[in-house]
Amino acid sequence: MEAAPSNPTHNIISTAPSAAISMNSSVATHRNPLRVDWPTVDGPLGLSEQESVDHARRFFKFGFLLLPWLWAVNCLYFWPVIRRPSSYYHPDLRRYVVRSAIGFTVFAVILSSWALTFSIGGERLFGHVWDKLVMYNVAEKYGLTGWI
């Protein structure tokens, strides 16, 4: 039988790795009580977790009503949810924010491709229809430029 060491810190050092391993395994499955994660960019001044889910849901749904910029606002306001995917947040909150990010990305790609096609292609791409599509020609056609 081995005698107990005379140095009391030896016991702490020898048990520390096993305690750290068990602590790390509990952190992976449960929320760490020492670290507070806020779902909004304004931290403790922001919304509670349930209010965050409600706001994210509203922003996501109103984005379909031809207001896709609300998807961008949703992504910016709930940036910590996108930035730390492994953190514990309400699963519905993460789902709404990630879907808003996908929706805004699709909207931005479609809008950018339309704008670039229209501006770069111009009269060469659209031919004689170009005069009917350009807004300043429509304004001249209806006499709306006389006030300038």
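Q: In what order do the elements of the protein chain run from the N terminus on?
A: They run α-α-α-α-α-α-α. This is a predicted model.

Q: How many helices and how many strands does that make?
A: The protein chain has 7 helices and 0 strands.

Q: What share of the residues is buried?
A: Of the 148 residues in the protein chain, 20% count as buried.

Q: And the accessible surface, how much is there and what share belongs to carbon and sulfur?
A: The surface of the protein chain comes to about 11200 Å². Carbon and sulfur atoms account for 67% of that accessible surface.

Q: What about contacts, what percentage join residues at least 24 apart?
A: The figure is 53%. That is taken among contacts between residues at least 6 apart in sequence.

Q: Let's go to helix 5. Where is the kink centred?
A: On Ile-120. Helix 5 covers residues 91-126, and the kink is about 65 degrees.

Q: Which residues of helix 5 are buried?
A: Leu-93, Tyr-96, Val-97, Ser-100, Gly-103, Gly-121 and Gly-122.

Q: What do those buried residues pack against?
A: Four helices come up: helix 2 (49-63), helix 3 (69-77), helix 4 (79-83) and helix 6 (130-133).

Q: What follows helix 5?
A: Gly-127 does. The phi of Gly-127 is positive, near 70 degrees.

Q: Switching to aromatics. How many pairs are in the whole structure?
A: A search finds 9 aromatic pairs.

Q: Take Trp-69 and Phe-107. Why is that pair called edge-to-face?
A: The planes of the two rings stand at 85 degrees, so the pair is edge-to-face. The ring centres are 5.3 Å apart. Planes over 60 degrees apart get that label.

Q: Where do Trp-69 and Phe-107 sit in the chain?
A: Trp-69 is in helix 3 and Phe-107 is in helix 5. The two are 38 residues apart, and the pair links distant parts of the chain.

Q: Is Trp-69 buried or exposed?
A: Trp-69 is exposed, at a relative accessible area of 52%.

Q: Then Phe-118 and Phe-126, what kind of pair is that?
A: Tilted. The rings of Phe-118 and Phe-126 are 5.7 Å centre to centre, with 55 degrees between the planes.

Q: How exposed are Phe-118 and Phe-126?
A: Phe-118 is partly exposed, with a relative accessible area of 23%. Phe-126 also counts as partly exposed, at 28%.

Q: Which residues do ring pairs link into a cluster?
A: Phe-60, Phe-64, Trp-71 and Tyr-96. Tyr-96 is also among the buried residues of helix 5.

Q: What sits over the ring of Tyr-96?
A: The charged end of Arg-95, 5.9 Å from the ring centre.

Q: Which residue does Arg-95 form a salt bridge with?
A: Asp-92. The closest N and O atoms of Arg-95 and Asp-92 are 2.1 Å apart.

Q: Where do Arg-95 and Asp-92 lie?
A: Both are in helix 5, 3 residues apart, about one turn of the helix.

Q: Why does that spacing matter for which way residues point?
A: An α-helix has 3.6 residues a turn, so residues three or four places apart point the same way.

Q: How accessible are Arg-95 and Asp-92?
A: Arg-95 counts as partly exposed at 36% relative accessibility. Asp-92 is partly exposed as well, at 23%.

Q: What does the salt bridge count come to?
A: The count is 2. One of them joins Asp-54 and Arg-57, with the closest N and O atoms 3.2 Å apart.

Q: Which helix holds Asp-54 and Arg-57?
A: Helix 2, with the two 3 residues apart. Asp-54 is partly exposed at 24%, and Arg-57 is partly exposed at 25%.

Q: Last one, Pro-80. Where is its place?
A: Pro-80 is in helix 4.

Q: Is Pro-80 buried or exposed?
A: Pro-80 counts as buried, at 10% relative accessibility. The cut-off for buried is under 20%.

Q: What does Pro-80 touch, leaving out residues up to four places away in sequence?
A: Pro-80 touches Trp-38, Pro-39, Thr-40, Val-41 and Tyr-89.

Q: How far apart are the C-alpha atoms of Pro-80 and Val-41?
A: They are separated by 6.5 Å. Along the chain, Pro-80 and Val-41 are 39 residues apart.

Methods
Residues numbered from 1 in each chain as written. Predicted model: local features only at pLDDT ≥ 70, side-chain atom pairs only at ≥ 80, totals over all residues. Heavy atoms only, no water. Bend = angle between axes of the 7 residues up to and from the residue. Buried < 20%, exposed > 50% of the residue type's maximum accessible area, 1.4 Å probe, protein only. Contact = heavy atoms within 4.5 Å. Phe/Tyr/Trp six-rings, centres within 6.5 Å; stacked < 30°, edge-to-face > 60°. Lys NZ or Arg CZ within 6 Å of the ring centre and 35° of its normal. Areas by Shrake-Rupley, 256 points an atom, 1.4 Å probe, with all protein chains shown as cover. Salt bridge = Lys/Arg side-chain N within 4 Å of Asp/Glu carboxyl O.
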